[in-house]
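This report describes one protein fold for a reader who has not seen it before. The sequence and the structure come next, and the description follows.

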Amino acid sequence: LDDYVPSLVVTDIEMPRSSGFELMSRIRQHRIEALRNVPVVVISSLYDHELASMVKSFGGTCALTKPLERARIQMIVRCIERGEAVTDHLLIDQELQSPNDR
């Protein structure tokens, strides 16, 4: 199991024993290169422009806010599976909503 490399990691920012930022940091510094390059999707109940910036600086692929929308998650996973850049999706979901939707 030490050499297991997942295709995708989904993590929350707030967790009981660690944070999603700590997890991303450990993944990006791992001794196994393939693990260092695994896509990381971050979810959070927090909405903040700074959060999206921090996720990007820690090497996150995408930041999503709760509640999660199935269609949005599926779109992002399909992009990752196809090897497409997800940088256009490095936005917190609420940034994509019109001001009237908030």
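## Helices on the sheet

Helix α4, residues 70-81, lies across β2 and β3 and runs at about 170° to β3. Angles here run from 0 to 180 degrees between N-to-C directions, with axes as lines fitted to C-alpha atoms, for helices over the stretch in contact. Helices (H or I, at least four residues) and strands (E, at least two) are DSSP runs, numbered from the N terminus.

The model is predicted: local features need pLDDT of at least 70, side-chain atom pairs count only at pLDDT 80 or more, and totals for chains, interfaces and linings use all residues. Residues are numbered from 1 along each chain as its sequence is written, and side-chain values use heavy atoms, with hydrogens and water left out.

## The sheet

The sheet is open and has 3 strands in the order β1-β2-β3, with parallel pairing. Its edge strands are β1 (9-12) and β3 (62-65), and each of them pairs on one side only. On average, neighbouring strands of this sheet are turned by 25° against each other, direction ignored. Helix α1 (residues 20-28) packs on the sheet, where α1 touches β1 and β2, and its direction makes about 150° with that of β1. Contact means heavy atoms within 4.5 Å.

Two strands count as paired if DSSP finds at least two bridges between them. Strands β1 and β2 (residues 40-44) run parallel and are joined by 4 bridges. Strands β2 and β3 also pair in the parallel sense, over 4 bridges. In β3, Ala63 is the bridge partner of Val42.

## Overall make-up

The protein has 4 helices and 3 strands, and along the sequence they follow the pattern β-α-α-β-α-β-α. Of the 102 residues in the protein, 36% are buried; buried means under 20% relative accessible area, exposed over 50%, and partly exposed in between (1.4 Å probe, protein chains only).

The protein exposes about 6800 Å², of which carbon and sulfur atoms supply 50%. Accessible areas come from the Shrake-Rupley method with a 1.4 Å probe; for residues, only the protein chains shown count as cover. Among contacts with a separation of 6 or more, 56% are between residues 24 or more positions apart.

## Cover on the strands

How many of the 5 residues of β2 are buried? The count is 5 of the 5, so β2 is largely enclosed by the rest of the structure. Both of its faces are covered: Val40, Val42 and Ser44 are buried on one side, and Val41 and Ile43 on the other.

Both faces of β3 are covered as well. Cys62 and Leu64 are buried on one side of β3, and Ala63 and Thr65 on the other.

## Asp12 in strand β1

Asp12 lies in strand β1 and is buried, with a relative accessible area of 17%. Its bridge partner in β2 is Ile43. Leaving aside residues up to four places away in sequence, Asp12 touches Ser19, Gly20, Ile43, Ser44 and Lys66.

The side chain of Asp12 also reaches the backbone nitrogen of Glu14, at 3.4 Å. A polar contact is a pair of N or O atoms within 3.5 Å; within protein, one must be able to donate a hydrogen and the other to accept it, and residues adjacent in sequence count only if both atoms are side-chain atoms.

Ile27 is found in helix α1 and is buried, with a relative accessible area of 6%. Not counting residues up to four places away in sequence, Ile27 touches Val9, Leu35, Arg36, Val38 and Val40. The C-alpha atoms of Ile27 and Gly59 are separated by 9.2 Å, while the two residues are 32 residues apart along the chain.

In helix α3 (residues 49-57), Leu51, Ala52 and Val55 are buried. Seen down the axis of α3, these buried residues fall within an arc of 100°, so they line one face of the helix. The arc is that of the directions from the helix axis to the C-beta atoms. What covers the buried residues of α3 includes α1, β2 and β3. On the other side of α3, His49, Glu50, Lys56 and Ser57 are exposed.
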